[in-house]
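Biologist: I'd like to learn how to read a model like this one. Could you walk me through it?

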Amino acid sequence: MHCVKLIDKNGRIVIPKYMREKIGINSEEEMDVLLMDDIEQIVLKRREARCAICSSPKNLKKLDNGYICASCAKRISELI
Ligand SMILES: [Zn+2]
(Lines give C-alpha, C1' and ligand atoms only; values in the text may rest on other atoms or scores of the structure.)
Protein backbone atom coordinates (compact mmCIF):
# COMPACT_ATOMS: atom_id res chain seq x y z
CA MET A 1 0.00 0.00 0.00
CA HIS A 2 1.21 3.48 -0.79
CA CYS A 3 -0.16 7.01 -0.60
CA VAL A 4 1.19 10.55 -0.55
CA LYS A 5 0.36 12.71 2.47
CA LEU A 6 1.14 16.35 3.24
CA ILE A 7 2.91 17.16 6.52
CA ASP A 8 1.11 20.03 8.27
CA LYS A 9 2.88 23.06 9.76
CA ASN A 10 3.17 21.26 13.12
CA GLY A 11 4.81 18.18 11.58
CA ARG A 12 1.72 15.97 11.73
CA ILE A 13 0.59 13.41 9.18
CA VAL A 14 -2.79 11.66 9.15
CA ILE A 15 -2.49 7.91 8.68
CA PRO A 16 -5.22 6.92 6.19
CA LYS A 17 -8.21 5.20 7.78
CA TYR A 18 -7.94 2.14 5.52
CA MET A 19 -4.33 1.62 6.69
CA ARG A 20 -5.27 2.00 10.37
CA GLU A 21 -8.13 -0.43 9.94
CA LYS A 22 -5.97 -2.90 8.03
CA ILE A 23 -3.66 -3.42 11.02
CA GLY A 24 -6.16 -2.53 13.76
CA ILE A 25 -4.69 0.74 15.05
CA ASN A 26 -7.10 2.58 17.34
CA SER A 27 -7.14 6.28 18.21
CA GLU A 28 -5.19 7.19 21.36
CA GLU A 29 -2.87 4.20 20.74
CA GLU A 30 0.85 4.79 21.19
CA MET A 31 3.12 4.17 18.21
CA ASP A 32 6.89 3.89 18.07
CA VAL A 33 8.44 6.35 15.59
CA LEU A 34 11.80 5.12 14.33
CA LEU A 35 14.29 7.29 12.47
CA MET A 36 16.20 5.15 9.99
CA ASP A 37 18.74 7.84 9.18
CA ASP A 38 21.01 5.51 7.22
CA ILE A 39 18.25 5.06 4.62
CA GLU A 40 16.54 8.45 5.23
CA GLN A 41 13.20 6.94 6.27
CA ILE A 42 10.87 7.27 9.24
CA VAL A 43 9.02 4.09 10.25
CA LEU A 44 5.85 3.93 12.36
CA LYS A 45 5.62 0.72 14.35
CA ARG A 46 2.72 -0.50 16.39
CA ARG A 47 3.83 -0.51 19.98
CA GLU A 48 3.79 -3.83 21.78
CA ALA A 49 1.35 -3.77 24.68
CA ARG A 50 3.14 -3.59 28.03
CA CYS A 51 2.21 -3.24 31.68
CA ALA A 52 1.95 0.45 32.66
CA ILE A 53 3.77 -0.27 35.94
CA CYS A 54 6.55 -2.81 35.26
CA SER A 55 6.65 -2.87 31.41
CA SER A 56 6.14 -6.65 31.25
CA PRO A 57 4.51 -7.83 28.00
CA LYS A 58 3.06 -10.96 29.67
CA ASN A 59 -0.33 -11.77 31.26
CA LEU A 60 -1.83 -8.38 30.46
CA LYS A 61 -5.28 -7.15 31.36
CA LYS A 62 -6.79 -4.11 29.63
CA LEU A 63 -7.31 -1.16 31.98
CA ASP A 64 -8.88 1.93 30.43
CA ASN A 65 -6.47 2.96 27.62
CA GLY A 66 -3.56 0.84 28.85
CA TYR A 67 -2.59 -2.52 30.30
CA ILE A 68 -1.56 -3.92 33.64
CA CYS A 69 -0.01 -7.35 34.18
CA ALA A 70 -1.50 -9.97 36.49
CA SER A 71 1.44 -9.65 38.89
CA CYS A 72 1.03 -5.88 39.32
CA ALA A 73 -2.74 -6.24 39.56
CA LYS A 74 -2.24 -8.71 42.42
CA ARG A 75 0.25 -6.40 44.18
CA ILE A 76 -2.19 -3.48 43.91
CA SER A 77 -5.10 -5.55 45.23
CA GLU A 78 -2.97 -6.47 48.27
CA LEU A 79 -2.53 -2.76 49.08
CA ILE A 80 -6.26 -2.19 49.28
ZN1 LIG B 1 3.28 -5.21 35.73
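Biologist: What share of the contacts in the protein between residues at least 6 apart in sequence join residues at least 24 apart?

Modeller: Two residues are in contact if their C-beta atoms, placed from the backbone, lie within 7 Å. In this protein, 2% of the contacts between residues at least 6 apart in sequence join residues at least 24 apart. Bear in mind that this is a predicted model: local features need pLDDT of at least 70, side-chain atom pairs count only at pLDDT 80 or more, and totals for chains, interfaces and linings use all residues. Residues are numbered from 1 along each chain as its sequence is written.

Biologist: Which elements does the protein have, and in what order do they run from the N terminus?

Modeller: Helices (H or I, at least four residues) and strands (E, at least two) are DSSP runs, numbered from the N terminus. Here the order is α-β-β-β-β-α, with two helices and four strands. The radius of gyration of the protein is 17 Å, well over the 12 Å that the globule rule gives for 80 residues, so the protein is more spread out than a compact globule. That radius is taken over C-alpha atoms, and the rule is 2.2 Å times the number of residues to the power 0.38.

Biologist: Is Lys-5 buried or exposed?

Modeller: A residue is buried if 20 or more other C-beta atoms, placed from the backbone, lie within 10 Å of its own, exposed if 12 or fewer, and partly exposed in between. Lys-5 has 10 within 10 Å, so Lys-5 is exposed. Lys-5 sits in the segment before helix 1 (17-23). Buried residues make up 4% of the 80 residues in the protein.
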